[in-house]
Amino acid sequence: MKAVIRKPLNPPQLDFLRKQQSDVDAEPTRKKQADRAQTLWRGQTRSRTFREIRETLHGMCHSLGRCMYCEDSRATDIEHIRPKEHYPEVAFVWENYAYACNVCNQQYKSDRYCEGFLDPTVAGFDVWEHWRFDPATGALIARPGTPAEETLRILGFKHDARKPERTDLTIRRRDFYGLVVHLVRSYGVARRTGDVAETKQVVDQLRSPLQFASIVEWALRNRQPAENDRSVRLVLDAYPELPDLVLTG
Ligand SMILES: [Zn+2]
């Protein structure tokens, strides 16, 4: 999970959502509001405005449309951060939408939520304030009992009694970190030998990874330098411009 900058919707898109939300809010009970939200949600897929809203969410994703939660799969679903089944009052509120892959959205997150569930679209979000990465295993580790830990459980990134843990993701995260280490070392070699074309190519690869943009961020702006690969630390000491080249702009 990596911070995502929420783009603004235009006035017709906001009006569209407001209209849908006011239809939901007009229902007399919470149960009826939830039912109405479900019906409206199913019925709007043909709307051009709704398609534009989906496009805006897609444009907010990293790496050509990666899921905002797992960063591994392609995002395809509008995800209600607060599920519309339990929070119909935000079923059509722009700030309640993320873009996720089908597995994250339907198989794991589904209608689950906890107070403080990590939302990568919140301004100033920094996932590394909430959990850490273990490069040896690829696991994400949060302090026990925190909303961050519950977020990991809900998404299947950590063992949870209700769903199988997504250990395939853990392994891919670990392997991806190996690729980042390789690229950072390549950057060091390219800079040392003055190979400008290779330098640029490596930066481009790190800027637009196919998966796990957050792991690139972890490796380059590390809070626990000792956990980072020694060769990465040496390159970062010698060429301190690399994090800014990759992570800004
Ligand atoms: Zn996902």
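This is a predicted model: local features need pLDDT of at least 70, side-chain atom pairs count only at pLDDT 80 or more; totals for chains, interfaces and linings use all residues.
Hello everyone. Residues are numbered from 1 along each chain as its sequence is written, and side-chain values use heavy atoms, with hydrogens and water left out.

Let me begin with confidence. The score is called pLDDT, the predictor's confidence in each residue, from 0 to 100. The protein averages a pLDDT of 94, and 100% of the residues score at least 70. Confidence is lowest in helix 3 (residues 48-60), with a mean of 94, and highest in helix 6 (residues 167-193), at 97.

Now the overall layout. There are 10 helices and 4 strands in the protein. These names come from DSSP runs, numbered from the N terminus: helices are H or I with at least four residues, and strands are E with at least two. If you walk from the N terminus on, the elements run α-α-α-β-β-α-β-β-α-α-α-α-α-α. Along the principal axes, the C-alpha atoms fill a box of roughly 70 × 40 × 25 Å.

I will talk about burial quite a lot. Buried means under 20% relative accessible area, exposed means over 50%, and partly exposed is in between, using a 1.4 Å probe and protein chains only. Of the 249 residues in the protein, 49% are buried.

Back to lysine 7, as promised. Its relative accessible area is 38%, so lysine 7 is partly exposed. Lysine 7 and tryptophan 94 are 87 residues apart in sequence, and 9.9 Å apart in space from C-alpha to C-alpha.

Next, the zinc ion. Which residues coordinate the zinc ion? They are Cys67, Cys70, Cys101 and Cys104, each through its SG atom, at 2.3 to 2.4 Å. Donors here are N, O and S atoms within 2.8 Å of the metal (3.2 Å for Na, K and Ca), and water is not among the atoms, so sites may look incomplete. The spacing of the donor residues in sequence is C-x2-C-x30-C-x2-C. Cysteine 67 lies in the loop between helix 3 and strand 1 (77-80), while cysteine 104 is in helix 4 (residues 102-109), so this pair ties together parts that are 37 residues apart in sequence.

Why is the arrangement around the zinc ion tetrahedral? Because the 4 donor atoms subtend angles of 105 to 116°. Four donors count as tetrahedral if all angles lie between 85 and 135 degrees. For reference, the ideal angle for four tetrahedral donors is 109.5 degrees. Cysteine 67 counts as buried because its relative accessibility is 2%, and cysteine 104 counts as buried at 0%.

Serine 63 has a phi near 50°, a positive value in a residue other than glycine. Leucine 64, also not a glycine, has a positive phi near 55°.

On to the strands. Strand 1 and strand 2 pair in the antiparallel sense over 4 bridges; two strands pair if DSSP finds at least two bridges between them. Glutamate 79 has alanine 98 of strand 2 as its bridge partner, and isoleucine 78 stands opposite tyrosine 99 in strand 2. From strand 1, Asp77 and Glu79 point one way and Ile78 and His80 the other, and all are buried. Strand 2 (residues 97-100) is covered on both faces, with Tyr97 and Tyr99 buried on one side and Ala98 and Ala100 on the other.

Last stop: the second largest pocket. It is lined by 17 residues, and Trp41, Ile78, His80, Lys84 and Asn105 lie nearest its centre. On a 1 Å grid over the protein atoms alone, a pocket is an open set of points with protein on both sides within 12 Å along at least five of seven lines, and lining residues have an atom within 4 Å of a point. Strand 1 gives the largest share of this lining, 4 residues. Helix 2 (30-43), helix 3, strand 1 and helix 4 each supply at least two.

Notes: Four donors count as tetrahedral if all angles lie between 85 and 135 degrees; four count as square planar and six as octahedral if opposite donors are over 155 degrees apart and all others between 65 and 115; anything else is irregular. On a 1 Å grid over the protein atoms alone, a cavity is a set of points where a 1.4 Å probe fits but cannot get out, and a pocket is an open set with protein on both sides within 12 Å along at least five of seven lines; lining residues have an atom within 4 Å of a point.
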